[in-house]
Amino acid sequence: MLDWLPQNVSTFGSEIDKFFYVIYYITTTVFFLVTAAMIYFLVKYRFQEGKPARYYHGNNTLEIVWTSATLVAMLILAVASKPLWSKIKQNPPPAEVIIKVTGKQYNWEVLYPGPDGAFGTDDDYQVDNNVHVPVNKVVHVLLGSIDVIHSFFVPQLRLKQDAVPGREIVAWFEVTEAGSYEIPCAELCGFGHSGMLGRLIVHSPEEYEQWVGQTWPDN
Amino acid sequence: MSDVFTEERANTLVQDYGGTPPPIGAGPSDPGNGGRQDSSGKSHANAILAMALFLGADVMFFAGLIGAFVVFRFGALHWPPPGQPLLPLGITGINTGILLISGAFMVKTWQNIDRWPHKKITKALTLTTLLGMTFLLVQGYEWFRLVAFGFKLTSGTFGGTFYTLIGCHALHVMGAVLWLATVTVRLARNRLDQQQRNTSIALIGMYWTLVVALWPILYGLVYWN
Amino acid sequence: MSEATAVKEHISHEHHGFMNTYIFSLDHKMIGKQFLLLGLIMLLLGGGLALLVRWQLAYPEQPLPLIGASQHYLETGEAETAMDSYWDSELSKTEDEQGWLVQKMPVGIITPAFYNALFTMHATIMVFFVVMPILVGAFGNYLIPLMIGTRDMAFPLLNMLSFWIAVVSGAIMLAGFFVPGGHAATGWTGYPPLSTDPAWTGVDWGQNLWCISLIVLGISSLMGSINYITTIINMRAPGMTYMRMPMVIWALFIVAILLLLALPVLTAALAMLVFDRLAGTTFFNPAGGGDPLLWQHLFWFFGHPEVYILILPGMGITSEILPVFSRKPIFGYKAMVLAMASLAFLSWIVWGHHMFQSGMNPSMGMTFMITTMVIAVPSAIKTFNWLGTLWGGSIRFTVPMLNSLAFVSMFVIGGLSGIFMASSAVDIFIHDTYYIVAHIHYVVFGGSIFAIFAGVYYWFPKMFGRMMNEPLAKVHFWLSFIAFNCTFFPMHILGVGGHMRRIYNPMQYEFLQQFEHMNIFITMSAFALGLTQLILLFNVFHSMFRGKKAGDNPWNANTLEWTAATPPPHGNFDAIPTVHHAPYEYSAPGISEDWLSQTNELQPTNGNGH
């Protein structure tokens with residue numbers, strides 16, 4: 001099943017995948033153990049003439065054992081997830097590139113600060129759906145929406161963040177491989193929800209410079 | 001854990017899982033009439049429990065609305081938002097007092113239902129009803145002034161939460177006053193036997209207590225700044 | 001007046017006649033059957049909607065089979081089949097004159113707007129009008145008085161009203177399909193601002209009716225839950241202590257408490273949504289100072305208890321059936337009750353895990369992750385205790401047993417897949433993908449629906465006095481089990497591939513192209529699963545009139561409903577039973593049979609007893 005994960009190209013993506021693997025192996029093991037036990041019981045204790053069932057009401061020691069074992073396993077899993085969660089959603093590393101992405105039915109409106117590095121000035125550059133970023137740089141995305149809730153999803157980056165009208169939410173990523181990736185909207189946003197599709201174009205440093213030079217307005 | 005079945009183990013099992021039926025506190029057995037024309041004690045207990053459960057659900061309904069109000073109020077930089085009126089703190093304070101006194105009458109009546117003479121009960125309930133009506137009239141007048149000032153349901157989240165929250169409470173008071181009035185009139189006309197009287201007063205008493213008890217919370221949250 | 005004469009008098013006071021017996025009946029058993037019928041009809045409808053959704057996902061923007069236009073017509077414009085001519089004549093009309101069908105699916109191709117309404121209504125109907133009416137309404141009403149040993153609910157009139165208000169609510173919900181603008185199309189979660197303003201979706205009264213219907217349903221459920229709780233607390237037969245109640249009664253008791261406290265919160269949220277839509281308030285509209293996330297908090301504060309409302313009765317039914325067909329006491333009765341109670345408690349403090357990616361303060365993520373992970377504990381207790389019940393049994397593979405075993409194994413998969421999204425970091429990727437769809441269907445279909453099957457097969461003899469056809473039921477079970485897994489297991493893989501939920505056409509995305517064949521496979525399995533349910537319907541209605549007559553206790557079970565006549569008369573019991581022991585005393589030593597009705601005394605064995 002793990003082979004179906006899209007190729008990962010972000011710095012934190014591999015850590016998410018690692019967690020995914022760990023939980024996958026744990027749950028698969030549990031599933032097979034439980035199923036095996038069940039099938040074994042079903043075969044061994046099937047109705048047979050002259051073999052009565054046991055009059056047995058349970059065992060408190062066993063109850064305590066499996067309760068505390070599950071509890072400990074789950075708490076470990078939760079606590080282990082915490083640093084990664086904080087890293088992705090709470091404490092982004094300092095930004096090297098900042099862009100604004102605003103959801104609207106049914107496009108992503110992308111705003112670059114322009115040469116002066118500040119939003120809301122004359123030299124901002126705006127385009128629909130195409131997010132150009134350099135490879136190996138920390139990119140902050142200031143996410144917003146002008147109408148309904150959208151969700152900024154880049155499968156290859158393992159990144160998903162809702163864009164909520166009335167809020168500006170910071171998402172971040174650092175791509176490790178140049179290329180072109182799709183940015184579907186992952187939260188139902190109306191009849192055009194399917195097909196609301198942006199594109200993340202990740203450039204090598206030189207290409208990025210070139211793109212900036214060609215497309216951004218001059219100072 | 002041995003599954004060998006010893007006599008000793010059998011006896012403990014029988015204690016745990018069998019044996020003579022212990023008495024059940026709350027639930028005397030059904031006398032065999034489908035719970036419909038039940039013996040009065042049973043239907044009284046059922047009615048009281050059902051009312052308590054209904055009030056629990058009602059509290060959750062208000063919790064939803066109050067939750068919304070709290071989110072807006074404590075999430076806002078300025079409250080009330082600029083351009084919105086200050087709510088009438090003083091007159092509503094007096095109104096709060098009126099409602100609380102009415103609640104006190106109700107509780108007193110409820111407590112002394114087997115001690116007070118019939119006339120006194122009727123009188124106390126009449127007073128409770130009248131005080132409840134006064135509360136409604138005062139609040140209606142206040143609303144009238146607020147609307148005249150331009151403060152409406154559509155005045156942002158302040159107007160929206162104010163009118164839904166206080167309005168829902170007002171609807172509850174209105175329903176309770178109507179119910180109280182009905183009970184009082186039937187009491188005055190001697191239309192209820194003692195069991196019916198006790199049940200009706202207990203039910204309206206519970207409902208009225210909740211409605212009255214909610215109000216100081218709403219007053220504190222919504223009116224005070 | 002002796003008890004017997006009282007009963008007779010009571011029954012003779014009944015107004016006989018069709019209306020009072022079948023329509024406005026006050027008898028809990030008839031009301032239970034009415035809920036069952038309501039749920040089964042809605043199951044057909046809700047399932048049909050799902051099949052339309054599946055068709056679109058497998059064959060995006062292609063005409064539906066049977067009713068769609070032919071390929072020849074689409075290419076040349078010449079009508080070839082009867083449906084071609086129908087579409088041709090409809091399409092030549094002006095927009096105002098066009099029929100309902102052509103607005104929703106011109107030439108048999110589902111429009112994106114109708115597609116959104118389809119999955120919205122599929123979920124709404126399945127949650128509120130299938131699983132709740134059957135598990136809570138039908139089994140709750142039918143079983144509670146019979147299993148605790150009383151003659152009826154505490155408030156029979158309220159009970160009848162509860163059913164008919166649910167019918168009214170259902171009618172309002174279905175009316176939404178036929179209003180201009182179409183039905184609600186914002187998902188069963190109805191997230192604002194999409195749901196607050198007709199401008200965003202083009203849906204006007206559809207969404208209003210959706211809200212109103214659910215508010216009305218809230219009233220019905222309030223009446224039902226008050227009735228259940230009062231009945232269970234106040235009307236138990238002598239000797240029926242709490243710790244001697246059958247597990248399904250415990251489950252329904254806990255569910256009633258959840259319903260009582262959770263639905264009012266939804267009602268409050270829905271009222272605000274209706275005000276936003278109709279009265280111009282701005283609770284959820286950021287332009288007026290409102291907050292879209294407030295809805296999500298309120299909705300999921302209701303919504304997570306709601307999920308347990310859907311699964312707990314299934315757990316109860318399973319816990320009921322496993323001991324009967326293992327012929328041994330349930331393993332860890334008290335632990336099972338405690339596990340259900342703690343599930344119910346935990347359901348109040350985990351709602352935030354639906355909102356990890358919503359923009360909610362991320363520091364709350366950690367809290368909700370821990371509480372969510374802890375849910376695995378009571379779930380594990382239940383599973384291990386079910387296994388413990390099988391251990392050492394003398395297992396009979398009857399149809400109710402097979403369905404209950406399916407419940408256990410499907411619930412294990414649904415529970416384990418939940419751990420993935422409980423981890424907030426992993427959830428970043430799988431949130432809003434088909435992984436979630438797979439998870440919920442393993443819990444609610446693999447869990448609740450298989451429990452419904454089990455319950456119907458198990459109590460049908462008591463309800464209708466006849467046995468269901470066993471071979472047919474086995475065919476139904478195996479086909480359902482296989483088709484279910486073929487339908488929903490691959491959805492995990494779609495989710496791992498990043499396949500978003502609620503999209504109209506996966507082929508619009510490059511990274512989803514590879515899933516075309518899997519989507520087709522899922523759709524075919526879904527159609528097979530849907531068709532298989534016709535076997536169940538046939539079996540139910542056929543057995544109702546033609547089935548083999550059933551005795552009072554066809555399964556040799558202990559609980560009180562099997563001591564009543566089959567089918568039980570109005571008033572249930574000749575005399576109110578007295579309960580002497582816990583419900584699952586099977587194969588007790590010193591007793592000649594391997595079962596012992598709760599009304600019989602469990603004698604301590606003396607030394608030479610065995």
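Tutor: Val9(A), Thr11(A) and Phe12(A) supply 43% of the area that domain 1 of chain A buries against domain 2 of chain A, more than any other three residues. Before we go on, please keep in mind that this is a predicted model, in which local features need pLDDT of at least 70 and side-chain atom pairs count only at pLDDT 80 or more, while totals for chains, interfaces and linings use all residues. Residues are numbered from 1 along each chain as its sequence is written, chains are lettered from A and ligands numbered from 1 in the order in which they are written, and side-chain values use heavy atoms, with hydrogens and water left out.

Student: How many residues of domain 1 of chain A are in contact with domain 2 of chain A?

Tutor: There are 14 residues of domain 1 in contact with 14 residues of domain 2 in chain A, contact meaning heavy atoms within 4.5 Å.

Student: And how many salt bridges are there between domain 1 and domain 2 of chain A?

Tutor: The count between these domains of chain A is 1 salt bridge, a term for a side-chain nitrogen of Lys or Arg within 4 Å of a carboxyl oxygen of Asp or Glu. Arg158(A) also forms a salt bridge with Asp17(A), and the closest N and O atoms of this pair are 2.6 Å apart.

Student: Which elements give two or more residues to the domain 1 side?

Tutor: On the side of domain 1 of chain A that touches domain 2 of chain A, they are helix H1 (13-44) and helix H2 (60-90) of chain A; helices (H or I, at least four residues) and strands (E, at least two) are DSSP runs, numbered from the N terminus. The residues of that side divide into 6 nonpolar, 5 polar and 3 charged, where Ala, Val, Leu, Ile, Met, Phe, Trp, Tyr, Cys and Pro count as nonpolar, Asp, Glu, Lys and Arg as charged, and the others, Gly among them, as polar.

Student: Switching topic, how much area do chain A and chain C bury between them?

Tutor: Chain A and chain C bury about 7,700 Å² between them, with 72% of it on carbon and sulfur atoms. Trp4(A), Tyr55(A) and Trp85(A) supply 10% of the area that chain A buries against chain C, more than any other three residues. The contact takes 80 residues from chain A and 98 residues from chain C.

Student: What about salt bridges between chain A and chain C?

Tutor: The count between chain A and chain C is 2 salt bridges, and the side chains of Glu510(C) and Arg199(A) meet in a salt bridge at 2.7 Å, N to O. On the side of chain A that touches chain C, the elements that give two or more residues include H1, H2 and strand E7 (159-163) of chain A, and H2(A) gives the most, with 18 residues. The residues of that side divide into 49 nonpolar, 17 polar and 14 charged.

Student: What is the phi of Arg327(C), then?

Tutor: Phi of Arg327(C) is near 55°, a positive value in a residue other than glycine.

Student: Is Arg327(C) buried or exposed?

Tutor: Arg327(C) is buried, with a relative accessible area of 3%, since buried means under 20% relative accessible area, exposed over 50%, and partly exposed in between (1.4 Å probe, protein chains only).

Notes. Buried area = accessible area lost by both parts, 1.4 Å probe.
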